[in-house]
Amino acid sequence: MIIFVLMFDFLLNCVFIILAVYLGICVFYFLFQEKLIFVPLGTKKADSPVVLASRFVEIFLEGVEGGRIHAIHIKAKKPRGCILYFHGNTGGISRWGAIAEELASFGFDVFLPDYRGYGKSRGPRTEETLYSDAMLCYETLLKSYPQEKICIYGRSLGSGIGSWLASKSKPGALILETPYNSMTEVAKYHSKIIPVGLFLRYRFNSEAFLQHTEAPILIAHGTKDNIVPYKSGLKLYNSLRERENVEMLTIPGGKHG
């Protein structure tokens, strides 16, 4: 009888320890979700120069709630239009500027903004302020380009922002590279048994947004992507595949980069 009581007490203690560890992990995800989603890799001082081989101008836009959005506008010699590029979650303009230059080599101007908390961009960051900043960038471009000459390009994290913007505007095209159908699904993929859907502050429901988009859409995704799983991009495509102006480019063996 004593052995039975001791074993029961031991098992009960194990259950309490496991539960405490599980709750601790849940609290960690809740408290540090911002740092897991947004990885600025340092900030830039207001007077820090942006170094690119291409011709460009630096722009600062005044956003809602005291936001200040920093962007670069790369200029092609004879632009065919302008690409509004929403970059991935790791690093800012100092990293993604090279990608923007590559896109400009195809004969397009490129407008590359940094999210709040990245580089020289400042201000309180929420899903709503990110959307507001995206619309601010788009409206800024409308002063120089007709909307049919603007292509919204969303990379990884930026695919959700780009999808929202395309649902609220009429761009000439929308390109989504390594996109997700929703941030909630990506979070569940990485957290497995953690109920992140209960406390995730950034949802980026691209699948719902794109039901209200008329622009031609190109989705590009690699089958070996271990950051945003290929099945998430495929699910996004399948929700739109009945439309004639939606295509998916699958990269066999392609990873997130």
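**Close-up 1. Helices α3 and α4 are oblique to each other.** The model is predicted: local features need pLDDT of at least 70, side-chain atom pairs count only at pLDDT 80 or more, and totals for chains, interfaces and linings use all residues. Residues are numbered from 1 along each chain as its sequence is written, and side-chain values use heavy atoms, with hydrogens and water left out. Helix α3 spans residues 127-142 and packs against α4 at an angle of about 60°, with the axes 10 Å apart. Axes are lines fitted to C-alpha atoms, for helices over the stretch in contact, and angles run from 0 to 180 degrees between N-to-C directions. Helices (H or I, at least four residues) and strands (E, at least two) are DSSP runs, numbered from the N terminus. The crossing of α3 past α4 is right-handed: the near helix is turned clockwise from the far one by less than a right angle.

**Close-up 2. Side by side, α3 and α4 meet through named residues.** From α3 come Leu130, Tyr131, Ala134, Met135 and Tyr138. From α4 come Gly160, Ile161, Trp164 and Leu165. Contact means heavy atoms within 4.5 Å.

**Close-up 3. Helix α4 (residues 157-167) is largely enclosed by the rest of the structure, because eleven of its eleven residues are buried.** Buried means under 20% relative accessible area, exposed over 50%, partly exposed in between (1.4 Å probe, protein chains only). Among the buried residues are Leu157, Ser159, Gly162 and Ala166.

**Close-up 4. Strand β3 (residues 82-86) is mostly covered.** Five of its five residues are buried. Cys82, Leu84 and Phe86 point one way; Ile83 and Tyr85 point the other. In a regular strand the side chains alternate between the two faces of the sheet.

**Close-up 5. Strand β3 pairs in parallel with β4 and with β5.** Two strands pair if DSSP finds at least two bridges between them. Three bridges link β3 to β4 (residues 109-113). Leu84 stands opposite Phe111 there. Five bridges join β3 to β5 (residues 150-155). Cys82 has Ile150 as its bridge partner in β5.

**Close-up 6. Lys44 sits in the loop between α1 (2-37) and β1 (56-62).** Lys44 is partly exposed, at 39% relative accessible area. Its C-alpha atom is 8.6 Å from that of Ser121, 77 residues apart along the chain. Leaving aside neighbours within four places in sequence, Lys44 contacts Ser94, Gly119, Lys120 and Arg122.

Technical notes. Angles under 35 degrees count as roughly parallel, over 145 as roughly antiparallel, 65 to 115 as roughly perpendicular and the rest as oblique.
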